[in-house]
Amino acid sequence: MLAISTMWNALKQQDGAALFDELKNLGFEAIELSRHLTSDQVEQLKPSLRENPPCSIHNFCPILPGTSQADAEKDRILLSSLNADERKEAVRRTLQTMELALELEVPTVVLHLGEVDTYDRSYLMTDLYTYGEREFEAFSQKVAEATEWRKRKEAKHRDAVLRSLDELNESALRMGLCIAIENRPYYYQIPNFDEIGLFFEKFYGSPMRYWHDVGHAALQEKLGICWADEWLAHYAEHLVGVNLHDLQDLEPYHPPGTGDLEWDEIFKQLPLEILKVLEIHPCEAEPVIEARELCESLSQSREQSDA
């Protein structure tokens, strides 16, 4: 299945019914509910979504009270928080997303697990990358420095995530939902590569799965954190879906085929039947349709080569 995320038009189309029609006209098989939807948009979408259930939904959806749509990606409350009240509120809001999923017959809830509370040193890598110093020793030193600072503080945040996942897995099992942990773009965010393995070890047999974001993995590779193909090589058995978007240098969420990524190679790594969702920032409809056609063509080529 090939789907499109509401990230594409949630900010520019405030009427939920019109938002659905715009997405439908792009020719995708289904839609994904992103974190950018307001409560009003969700309510207006519900009549259409009851006839056309979404394929997936990200927490938190709808956006948190007091958060603008433009700031939806900036988490105000975290499942990784060391503040017990904040963490519990993040769990409560995630459960609300899961309840919305149950109401709309959405099978998968994609979780953003939070971050390690460390000074963000990403700019050290991005500046060197921008200046063309990706292959120099100074770049590797900055990567090592940043990841070392993360290691000093990650254990307590990882334990907080485990407490959150314990509650959410129990609820997912009771509700008959799949919850999926997503790889994130930056080194300080959770999970990193090793933490995914730890979480699946801790919750073996649970309804938890892995959600792979192609653009996030590619961004981590560009910033020297982890090779992009390692995520799928190690965690494919847990995979339930992928987000697809291209990178232009270090800028994510462009339509596939308009940036730096090698999409024929990426599609060779993806299981044929896996759910694929285009996650694209607002742009004109034409490049989105062209991206859909590219993905359809690559999927057909995979089917023919595997036949």
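This is a predicted model: local features need pLDDT of at least 70, side-chain atom pairs count only at pLDDT 80 or more; totals for chains, interfaces and linings use all residues.
User: What makes the pair Asp-71 and Lys-74 a salt bridge?

Analyst: The closest N and O atoms of Asp-71 and Lys-74 are 3.4 Å apart, and a salt bridge requires a side-chain nitrogen of Lys or Arg within 4 Å of a carboxyl oxygen of Asp or Glu, so the pair meets the definition. The structure holds 19 salt bridges.

User: Why is Lys-74 called exposed, and why is Asp-71 called partly exposed?

Analyst: Lys-74 has a relative accessibility of 57%, and because exposed means over 50%, Lys-74 counts as exposed. Asp-71 has a relative accessible area of 32%, which lies between the 20% limit for buried and the 50% limit for exposed, and therefore Asp-71 is partly exposed.

User: What makes Arg-87 count as buried or exposed?

Analyst: The relative accessibility of Arg-87 is 7%, and since buried means under 20%, Arg-87 counts as buried.

User: Which helices does the salt bridge between Arg-158 and Glu-195 tie together?

Analyst: The side chains of Arg-158 and Glu-195 meet in a salt bridge at 3.6 Å, N to O. Arg-158 lies in helix α5 and Glu-195 in helix α6 (residues 193-202), so the pair ties together parts that are 37 residues apart in sequence. Both Arg-158 and Glu-195 are buried.

User: Why are α4 and α5 called roughly antiparallel?

Analyst: The axes of helix α4 (residues 122-130) and α5 cross at roughly 165 degrees and come within 9 Å; because angles over 145 degrees count as roughly antiparallel, α4 and α5 are given that description. Their crossing is left-handed.

User: Which residues meet where α4 and α5 are in contact?

Analyst: Leu-124, Met-125, Leu-128 and Tyr-129 in α4 meet residues of α5 including Ala-138, Phe-139, Lys-142 and Glu-145. The residues of this contact between α4 and α5 divide into eight nonpolar, no polar and two charged.

Note on methods
Residues are numbered from 1 along each chain as its sequence is written. Side-chain values use heavy atoms; hydrogens and water are left out. Buried means under 20% relative accessible area, exposed over 50%, partly exposed in between (1.4 Å probe, protein chains only). Helices (H or I, at least four residues) and strands (E, at least two) are DSSP runs, numbered from the N terminus. Axes are lines fitted to C-alpha atoms, for helices over the stretch in contact, and angles run from 0 to 180 degrees between N-to-C directions. Angles under 35 degrees count as roughly parallel, over 145 as roughly antiparallel, 65 to 115 as roughly perpendicular and the rest as oblique. A crossing is left-handed if the near helix is turned anticlockwise from the far one by less than a right angle, and right-handed if clockwise. Contact means heavy atoms within 4.5 Å. Ala, Val, Leu, Ile, Met, Phe, Trp, Tyr, Cys and Pro count as nonpolar, Asp, Glu, Lys and Arg as charged, and the others, Gly among them, as polar.
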